[in-house]
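Colleague: Could you take a close look at one part of this model for me, the sheet and the nonpolar core, and describe them as one connected picture?

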Amino acid sequence: MKIPTLMTIAQFCDKHPCFRQGTLRFMIHQDKNGTGISSTIIRVGRRILIDEEKFFKMIRAIKD
């Protein structure tokens, strides 16, 4: 079993500076039906963790 790379929003933005924290939080808030970015996140209490691999697969799917 491969352990996914999970990062907080701040950690994700530090690693990938082309994404801003406010933009990611807006995308999470706006995704009501769960088909976009919310399928790439895991909530642990109030903490939001982004699965890096799933996130970039989702971005590529939007492009296609």
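Modeller: I would begin with Ile-41, which stands opposite Ile-50 in S3. S2 and S3 pair in the antiparallel sense over four bridges, where two strands count as paired if DSSP finds at least two bridges between them, and where strands (E, at least two residues) and helices (H or I, at least four) are DSSP runs numbered from the N terminus. This is a predicted model, in which local features need pLDDT of at least 70 and side-chain atom pairs count only at pLDDT 80 or more, while totals for chains, interfaces and linings use all residues. Residues are numbered from 1 along each chain as its sequence is written, and side-chain values use heavy atoms, with hydrogens and water left out.

Three strands form an open sheet in the order S1-S3-S2, with antiparallel pairing; its edge strands, S1 (6-8) and S2 (41-44), each pair on one side only.

Ile-50 also belongs to the largest nonpolar core, a set of 13 residues in which Ile-9, Phe-12, Leu-24, Ile-28, Ile-37, Ile-50 and Phe-55 touch the most other members. Such a core consists of buried Ala, Val, Leu, Ile, Met, Phe, Trp, Tyr and Cys residues joined through side-chain atoms within 4.5 Å, buried meaning under 20% relative accessible area, exposed over 50% and partly exposed in between (1.4 Å probe, protein chains only). Helix H1 (9-15), helix H2 (21-30), strand S3 (47-51) and helix H3 (52-63) are the elements that give two or more residues to this core, and H1 gives the most, with three. Leaving aside neighbours within four places in sequence, Phe-55 is in contact (heavy atoms within 4.5 Å) with Phe-12, Phe-19, Leu-24, Ile-37, Thr-40 and Ile-50.
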